[in-house]
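These are my notes from going through one model, entry by entry.

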Amino acid sequence: MEGFLQRCSAAIKGNAEGSSGIHVILGNEACDLDSMVSSLVFAYFLSKTSGSSGKTVVPVLNIPRAEFPLRSDNVFLLKESGVPPEALVFRDEVDLAGLHRAKRLMLTLVDHNVLPSADIDLEEAVVEVIDHHHLERTPSMSCSVTVETVGSCATLVTEHIHHKAPEVLDRQVAQLLYGAIVLDCVNMAPEAGKVTPKDSQLSFLLESRFPDLPPRGALFKSLQSAKFDISGLSTEQILLKDMKAVSGGDLRLAVSAVYMTLDVFLQRRSLQQELCEFCHKHRFGAVVAMTISFNERGEPHRQLAVYSSSTLYREEVSQALEKARNPSLSFSPMSSPFNNIKSYLQGNALASRKKVLPILKNFLKEWDRKQVHCEEAEDFEELDDHVDPTGSPSFDDDARPRCFSASRHHRRRLLGTEDSWTEEDFQVPATPMNSLVEGCPLDAGLPRISAEAILEKFSRMGGEAGENKDGNWPGEQ
């Protein structure tokens, strides 16, 4: 496999000149062990079986190279399997959008079945999907879909290779697949609620064909120890280590697996400040931290925290999780040392992030629908409805919108794109009190809406409300 990966890297660096296109095998944004292995191995399989299609098959890890050392279990398994990390291709090293515009891109998705919103323009290039999550794709004749809710996507990749080209399963490939299956299925322990009969069947197949594979228990212990090793990591690195982003409307969520108990996580020094900085840096409205630990019998213990400096976002996300019924998370509230963090004991310990993500995605779809409805209503508001005859704005509580959609100017504030106000900014109602960044320490650095500033803007907009005889704007002394 090393030679194959080196050719892939060389092809990307040379823009694959001479080939008719690039067939990228893309894992998900978390780039966990299962996603990485599924991408590498399925690409290797295609390179061995695609014949003279003219396409250069390249596995792409869906994170920047700089973040890869945070995936310590990935690093460990590659080292144990003799795969050099420097031969890998990462998302920041290939221009997928440029390849697509040049009509040279084909995409196969592994360990996810829909592209995130940031990549939606690449949808036309998707030709195949292999995944073990809930199916969200709209069926299409142009895309082959294999989706089955087994414990590990690597199980489906193993099955595919075994049926199509069993000779591709050499010792190195087998160890990569075996490691991913064993870790994702929690050492094949039924009480963890992850393993299915197909996972057991395919892991046994690998064990039978390659009896010199590392002992299952020892391999699982080593991988889990590497995965749970967060010593020396900052809060940002802990959240990025195993994170998936989901969005709807103006709300973008980080959903991170955190490998410690929630009590320990909440005791981290300067946690509030670091969470605030994380959201501002990566443009998240809220963070859902799903902590996980295991007892001696391998049974998971799960807790969950929702952070947002916005009361609106924090409450809406929390309520969506509290009210979930498919599955029910069986939440019990926990005390939190911070007002902007809601904490829960998750009674349903079998509900992993794979099962929580659909709950959040459904919530965000509804959120997006409400946003569109609110903005359509806002578009029909007349400026005169919010201004009295003297030219001063009215801040009557009754003028506030019934549905609390973030106003357009406030979204620009969050994204850092608002440098000055224009007349368009006043075509929306006043921003609700629970702003996007109301409780964030960084809020001090953002522009504030003062009565004087609003008067100044309206004065500039009105032809008869210019400077007074003293040369001052109205409201200035």
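I looked up P327 and found it in the loop between α12 and β10 (331–334); helices (H or I, at least four residues) and strands (E, at least two) are DSSP runs, numbered from the N terminus. The peptide bond from N326 to P327 is cis, with omega near 0°. Most peptide bonds are trans.

**Source.** I note that this is a predicted model, in which local features need pLDDT of at least 70 and side-chain atom pairs count only at pLDDT 80 or more, while totals for chains, interfaces and linings use all residues. Residues are numbered from 1 along each chain as its sequence is written, and side-chain values use heavy atoms, with hydrogens and water left out.

**Helix α12.** I checked the length of α12, which has 12 residues (311–322). At the start of α12, I found a side-chain oxygen of S310 within 3.3 Å of the backbone nitrogen of L312.

**Positive phi.** I searched for residues other than glycine with positive phi. Most residues other than glycine have a negative phi. D111 has a positive phi of about 65° and sits in the loop between β3 (105–110) and β4 (126–131). Is D111 buried or exposed? D111 is buried, at 1% relative accessible area. V186 has a positive phi of about 50° and lies in the loop between α6 (171–184) and α7 (197–209). V186 also counts as buried, with 9% relative accessibility.

**N340.** I located N340 in the loop between β10 and β11 (341–346). N340 has 8% relative accessibility and counts as buried. Its side chain makes a polar contact of 3.0 Å with the side chain of Q272. A polar contact is a pair of N or O atoms within 3.5 Å; within protein, one must be able to donate a hydrogen and the other to accept it, and residues adjacent in sequence count only if both atoms are side-chain atoms.

**Cores.** Which members of the largest nonpolar core touch the most other members? They are V37, V41, L107 and L177, out of 76 residues. Helix α2 (residues 33–49) gives the most to this core, with 10 residues. A second, separate core has 27 residues, including A245, C279, V287 and F338. A nonpolar core is a set of buried Ala, Val, Leu, Ile, Met, Phe, Trp, Tyr and Cys residues joined through side-chain atoms within 4.5 Å.

**L107 and L96.** I listed contacts (heavy atoms within 4.5 Å), leaving out residues up to four places away in sequence. For L107, they include H23, V24, L26, L115 and L122. L96, in helix α4 (residues 96–101), is buried at 2% relative accessible area. L96 is in contact with V24, L26, R91, L105 and L122.

I searched the whole structure and got 6 cavities of 30 Å³ or more. On a 1 Å grid over the protein atoms alone, a cavity is a set of points where a 1.4 Å probe fits but cannot get out, and a pocket is an open set with protein on both sides within 12 Å along at least five of seven lines; lining residues have an atom within 4 Å of a point. A volume is the space filled by probe spheres set on the points. The largest cavity has about 490 Å³. Its lining has 28 residues, with D184, K194, K227, D242 and S352 nearest its centre. The largest pocket has about 1,100 Å³. Of its 40 lining residues, E29, P116, S117, A245 and V246 are the closest to its centre. α13 gives the most to this lining, with 7 residues.

**Totals.** I counted 15 helices and 11 strands. Of the 477 residues, 51% count as buried.

Methods. Expected span 1.5 Å × (residues − 1). Buried < 20%, exposed > 50% of the residue type's maximum accessible area, 1.4 Å probe, protein only.
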